[in-house]
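Dear colleague,

Here is the structure you will be working with. My notes on what was found in it follow below.

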Amino acid sequence: MTAHLSHGERLLAVNGVELCVETFGDHTDPAIVLVAGASASMLWWDAELCERIAARGRFVVRFDHRDTGRSTCYPPGRPTYSCTDLARDVLGIQDVLGIERAHVVCQSMFGQSGLILGVDHPHRVASLTFVSSSTGAEDLPPPSGDLAMPAQPRSSDTAAVVEYVIADARACAGDSPYFDEAAVRALVERDVARARNYTSTLVNHYAIDLDGPARGGFGDIAAPTLVVHGDRDPLLPPAHGEALRAAIPGAELLVLRGAGHDLPGPVWDDFVSALVRHTGGGRP
């Protein structure tokens, strides 16, 4: 793209921590807040994807979760926050940026944050989008394919850490023809280099209390909801997306053909068009 709509990264004081935030586009446009999955910094919402969404008339916000990127980091294996705290971080970012209601897009494990926001804070949520996520019901199919990973390398061996994360991304892409190892390598190298402590990034989200709303569940979400799921997702097979759509009143399902547990470049056009329609239309 020739237009560059990013306003750059900045550290915001939110809920007693520092969160690194980057925005794209016109602040007067409807706001979309992108919430990455577990162990994922803002970089996993590709900057070009953010630019494309902003160019369609949206104010796009991406940010580093706690324990990722440039945000506040906790000792490895000892996070002192819960999923509810991460959901409140979204609200804190909205407060600092002057966003009363946002279209919230949550990926993978942190679809749980979207659930908390949609049920406990409906007045702050204009719509919800769940990407590669699940209800977590016990009767849903387990991961498919070979997702076994080698032991996590020493944090001092940066090259080994990079290879480890690339292998994980490759496994999560499954048999998708869209996996681009060169692009993923460039992303991971940058992600590792800018993190305060990448060992914490790899382990801490899996050590938190994955709590839910104070009351209710997916059936209590009233916000317009879009469910997005790759038809080749090996981590959360497509039945997880179908279950999520069925659990949320009025939800719609977008199946991304050829995608795994990710948002590869070749599906961006379909994703952006669906997201723009879902969030109220916009520029062509």
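A term needed throughout: a residue is called buried under 20% relative accessible area, exposed over 50%, and partly exposed in between, with a 1.4 Å probe and protein chains only. This is a predicted model, in which local features need pLDDT of at least 70 and side-chain atom pairs count only at pLDDT 80 or more, while totals for chains, interfaces and linings use all residues. Residues are numbered from 1 along each chain as its sequence is written, and side-chain values use heavy atoms, with hydrogens and water left out.

Overall build

The chain has eight helices and eight strands. Helices (H or I, at least four residues) and strands (E, at least two) are DSSP runs, numbered from the N terminus. The radius of gyration is 17 Å, close to the 19 Å that the globule rule gives for 284 residues, so the chain is as compact as a globular protein of that length. That radius is taken over C-alpha atoms, and the rule is 2.2 Å times the number of residues to the power 0.38. Along the principal axes, the C-alpha atoms fill a box of roughly 45 × 45 × 40 Å.

Of the 284 residues, 54% are buried. Among contacts between residues at least 6 apart in sequence, 76% join residues at least 24 apart; a contact means heavy atoms within 4.5 Å.

Surface and charge

The chain exposes about 11,900 Å², and carbon and sulfur atoms supply 50% of that area. Accessible areas come from the Shrake-Rupley method with a 1.4 Å probe; for residues, only the protein chains shown count as cover. There are 23 positive and 36 negative charges, and their mean positions are 4 Å apart. Lys and Arg count as positive and Asp and Glu as negative, with His and the chain ends not counted. Each charge is placed at NZ of Lys, CZ of Arg, CG of Asp or CD of Glu.

Two residues with positive phi

Asn15 is not a glycine, yet its phi is positive, near 50 degrees. Asn15 sits in the loop between strand S1 (6-14) and strand S2 (17-24) and is partly exposed, with a relative accessible area of 45%. Ser132 also has a positive phi near 50 degrees in a residue other than glycine. Its place is the loop between strand S6 (125-131) and helix H4 (158-173), and at 1% relative accessibility Ser132 is buried.

Cysteines

How many disulfides does the structure hold? It holds zero, a disulfide being a pair of cysteine sulfur atoms within 2.5 Å. For Cys73, the nearest cysteine sulfur is that of Cys20, 13 Å away; Cys73 is partly exposed, at a relative accessible area of 25%. For Cys106, the nearest cysteine sulfur belongs to Cys83, at 8.8 Å. Cys106 is buried, with 1% relative accessibility.

Two pairs across the chain

Tyr164 lies in helix H4 and is buried, with a relative accessible area of 17%. Tyr164 and Thr68 are 96 residues apart in sequence, and their C-alpha atoms are 17 Å apart in space. Arg154 lies in the loop between S6 and H4 and counts as exposed at 61% relative accessibility. From Arg154 to Ala55 there are 99 residues along the chain, and 41 Å separate their C-alpha atoms.

Regards
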